[in-house]
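Below are some short notes on charged side-chain pairs, written for a first look. Please read them beside the structure.

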Amino acid sequence: MLNFLKKTAAKVWAKNHVKQSENYKKNAIEDQQKLLLQLVKTAEKTLFGREHRFEEITSVEDYQNRVPVSDYEGIKHYIEKVKRGQRNILWTDTPEYFAKTSGTTSGAKYIPISREGMPYQIAAAQSALFHYINQKGNADFVNGKMIFLQGSPELEEIFGIKTGRLSGIVAHHIPNYLQKNRLPSLKTNLIEDWETKVDEIVKETEKENMTLISGIPPWLIMYFEKLIERNGKKITELFPNLQLIVTGGVNFEPYREKMNELLGKPVDTVQTFPASEGFFAFQDDYTKEGLLLLTNHGIFYEFIPLELYGKPDAPRLTLKDVELHKDYALILTTNSGLWSYSIGDVVRFISKDPHRILVSGRTKHFTSAFGEHVIAFEVEEAMKATVEKFPAQITEFHLAPQVNPAEGLPYHEWFIEFEKEPGNFEAFKKNLDDEMRKRNTYYDDLISGNVLQPLIITKLKKNAFQEYAKSEGKLGGQNKIPRLANDRKIGDFLEGFRLINLLK
């Protein structure tokens with residue numbers, strides 16, 4: 001009876017929530033403009049607000065003239081003031097949390113999350129589930145066990161500000177009605193070593209009635225593989241009531257075939273786009289491509305055409321100006337005190353009614369050693385199309401330029417860890433190169449002009465990418481390995497795991 005009531009209540013909540021959300025889908029452009037002015041008004045008396053004369057801002061144009069686009073380096077001196085206990089710096093009072101992320105040039109980053117900002121992180125995740133329940137007409141998963149592969153919930157304090165990984169912070173805000181069904185245990189969640197942690201999660205969950213599993217795709221795959229190794233069963237045989245996989249952090253498509261193989265049969269998947277800086281979008285229709293942009297969740301968005309990103313006069317577009325199927329650097333102003341902050345993600349719109357996006361890459365993750373500026377979306381789509389034509393299972397891959405080969409023309413080198421190789425490897429390789437040429441005209445010109453030779457594939461031993469992540473201290477959690485780079489740092493490491501290199 002209790003299970004029936006929980007399921008029925010979830011359906012009612014979902015229906016009401018989706019109905020209410022129709023307003024922000026229709027009024028996104030107007031709501032965004034109002035939101036920006038509200039954020040500016042709230043922060044008028046902060047240090048940042050005084051320095052940028054927020055009291056004089058009455059329009060989006062005023063704001064853009066006053067506040068330049070910046071990355072973490074641009075706000076780091078403000079963050080340091082907050083870390084020393086100073087108040088009213090970027091946002092009113094002090095943050096409720098710092099989400100600590102691993103940086104590259106900046107070292108560790110401390111992203112502020114305000115008391116106003118944290119509820120939106122939780123509400124967005126709930127909204128994703130409510131949309132799924134309403135569309136599916138099924139809430140059976142609420143009565144089973146749910147697992148969230150996440151970082152440790154143990155938090156440190158910096159001048160009274162709780163600090164930790166975002167996924168660990170979120171663990172403290174799981175709604176009460178989900179807590180009893182949630183796994184893993186606190187003891188297991190506190191384990192720092194990721195491989196040890198996954199082993200314990202496998203032991204805790206393998207005999208449970210798992211109905212919802214959530215996490216970043218590479219680590220879901222690691223978890224599934226360990227379950228299969230211990231039990232000799234596909235995941236849907238082990239968990240026959242598994243209803244839903246919720247994933248985020250990276251594009252799911254390149255992992256879909258591998259995931260389906262481990263699962264044994266397809267399971268409904270909802271993709272999300274969360275980050276320490278905010279929860280930006282989720283898949284509101286699990287049967288269709290694209291993520292619904294959350295335009296009333298405390299975040300004002302700007303978009304810079306990717307080809308102009310980094311240039312002093314680059315236009316900063318708002319929702320009313322964007323075009324479909326163009327790549328934009330995503331810029332955020334948030335109710336946690338980030339002002340025209342470049343998060344480093346690249347998105348493209350596939351719908352404007354409502355506003356739906358795809359995450360197409362990272363501003364710093366590209367290959368352009370020869371002027372081609374290949375981005376993640378292009379390599380992922382090329383791989384997807386090739387695998388559909390020449391079936392194979394890809395665990396992971398990475399593209400790096402080879403500018404000075406020992407002989408012959410330069411080339412793009414694809415490091416691929418195959419779970420199952422294609423039947424015709426040469427045809428697979430040629431098709432992958434053809435698909436890249438279709439998607440990037442500059443690359444096509446370089447091949448046609450004999451500046452580059454066609455791509456080369458280097459096959460890798462099993463767990464090569466896990467070993468790379470481990471070497472960088474980035475195994476587990478929300479850490480992601482770039483799909484491509486403009487140098488050979490990752491490629492040189494992967495060379496040590498070479499299986500066979502096909503030069504032709």
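1. Is lysine 234 buried, partly exposed or exposed? Lysine 234 is partly exposed, at 29% relative accessibility; buried means under 20% relative accessible area, exposed over 50%, and partly exposed in between, with a 1.4 Å probe and protein chains only.

2. On the basis of these notes: this is a predicted model, in which local features need pLDDT of at least 70, side-chain atom pairs count only at pLDDT 80 or more, and totals for chains, interfaces and linings use all residues. Residues are numbered from 1 along each chain as its sequence is written, and side-chain values use heavy atoms, with hydrogens and water left out.

3. The whole structure holds 38 salt bridges (a side-chain nitrogen of Lys or Arg within 4 Å of a carboxyl oxygen of Asp or Glu).

4. Lysine 234 has a salt bridge to glutamate 261, with 2.8 Å between the closest N and O atoms. The pair links distant parts of the chain, 27 residues apart: lysine 234 is in the loop between α11 (217-231) and α12 (235-238), and glutamate 261 is in helix α13 (residues 253-263). Helices (H or I, at least four residues) and strands (E, at least two) are DSSP runs, numbered from the N terminus. Glutamate 261 is partly exposed, at 34%.

5. Glutamate 307 pairs with lysine 326 in a salt bridge, the closest N and O atoms lying 3.8 Å apart. Lysine 326 is partly exposed, at 27%.

6. Lysine 320 and aspartate 321 form a salt bridge at 3.2 Å, N to O. Lysine 320 is partly exposed at 46%, and aspartate 321 is partly exposed at 32%.
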